[in-house]
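Subject: Structure handover

Hi,

Here is the structure for you to look through. Please open it first, then read my notes below.

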Amino acid sequence: MRVHYNYLGDQFASFNEYLPDLQALVASGEFTLGPYVDKFEKKFADYIGVKHVISTNNGTDALILSLKAVNTKPGDEVITVANTFIATAGAIVAVGAKPVFVDCDNRFSIAVNQIENAITPKTKAIIPVHWAGCPADICGVLSIANKHNIPVIEDACPAVGAQVNGQFVGSFGKVNAFSMHPLKPLNVMGDGGMIATNDDEIANWLKLYRNHGLSDRNHVTLWGVNARLQPFQAVIGTKLIDQMESLIQIRNQFARQLDKGLADLPQFVSIPERPAEMREVYQLYLITVKKRNELVVYLNQVGIEAKIHYPIPLHLQNAATQFGYKKGDFPIAEQQANDILTLPNHQYLTSAHIDYMIDQIHTFYKRDS
Ligand SMILES: Cc1ncc(COP(=O)(O)O)c(C=O)c1O
């Protein structure tokens, strides 16, 4: 049996269903912003319950623009978590600020009890990451941030649809970023991103900034960039929002099956806590395991596309040398980097695929013990 990690071939096998909407787009000639982008933004804002959505050409730009929207400048510091995709820290560096890392908790998210120690007079923002579709303790982050009057930017790039107490992530912070990269829960046929905010002034600034600062064809209000979402991707995204709830349900069902099937291996497999108030969307199904590297090789050999996200935490990446971090600074993130394992979990698998993964993991540890 093969258990694929990448499901895009299955997802877009029936491309014909997108054709009528794409033909309408082509007939309209509305290829930069325009009604298809407006429609997508409105639909996504309604889905997650925010006042404004400003789409961008990818999630990294959504983060960069969010940082700029809270006035992050060269020399500022921005607090974030040590295990995330490089783009979280890359966006901070792109606006000239310094990423200040904090260790992880046992759910692979920012350790809230360590944020306060990282705050200095230079701290401009805090970016919790809803890593791999698993909500960070956003209420804990907000209570510290509010106490110090520091804006929170949620990196909800991998987490469209995740919730805390029934509220969508990406609707808690002052200005929040999402990605529609092909392997994110809400994906398009290429790159795409969104920024969500309830702040009217920030929304107006973002709409101008992402489009050269143009208030109309002939008037430039401020210096901006071109960070526009392609209308083609807006058409795809608009259609896919309708499928979010069913895909989240399927992924949660498979995650429960995996959690249950692996629960009798506590000496080898640690399943993160799943607090009842948090709805995950499982961009990735993450656990930590003993003999991780050998297990990945074994699973790949038996047809299961297991992966590692990520083997090197951000503070130990070569690019981060300039910030002076060293091995041992964030022991939990470093331990997780050694032990973390990603198993495929998506809506194009079946319960038989999940059972196969559970069986193969049992076989590996039986063989090895
Ligand atoms: C946590 C996180 N932040 C930022 C990004 C950047 O998104 P994009 O690839 O759309 O630029 C990603 C995904 O790639 C991500 O997982």
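An N or O atom in the side chain of lysine 184 sits 3.1 Å from an oxygen atom of the ligand. That is a polar contact (a pair of N or O atoms within 3.5 Å). The protein covers 93% of the 380 Å² of accessible area that the ligand has on its own. Areas come from the Shrake-Rupley method with a 1.4 Å probe.

Please note that this is a predicted model: local features need pLDDT of at least 70, side-chain atom pairs need 80 or more, and totals for chains, interfaces and linings use all residues. Residues are numbered from 1 along each chain as its sequence is written, and side-chain values use heavy atoms, without hydrogens and water.

A polar side-chain atom of aspartate 155 is 2.8 Å from a nitrogen atom of the ligand.

In total, 16 residues surround the ligand, each with a heavy atom within 4 Å of it. Helix α4 gives the most to this shell, with three residues. (Helices are DSSP runs of H or I, at least four residues, numbered from the N terminus.)

Now α4 itself, residues 59-69. At its start, a side-chain oxygen of asparagine 58 comes within 3.0 Å of the backbone nitrogen of threonine 60. Just after α4, asparagine 71 has a positive phi of about 70°.

Best wishes

Conventions:
Buried means under 20% relative accessible area, exposed over 50%, partly exposed in between (1.4 Å probe, protein chains only). Helices (H or I, at least four residues) and strands (E, at least two) are DSSP runs, numbered from the N terminus. A polar contact is a pair of N or O atoms within 3.5 Å; within protein, one must be able to donate a hydrogen and the other to accept it, and residues adjacent in sequence count only if both atoms are side-chain atoms.
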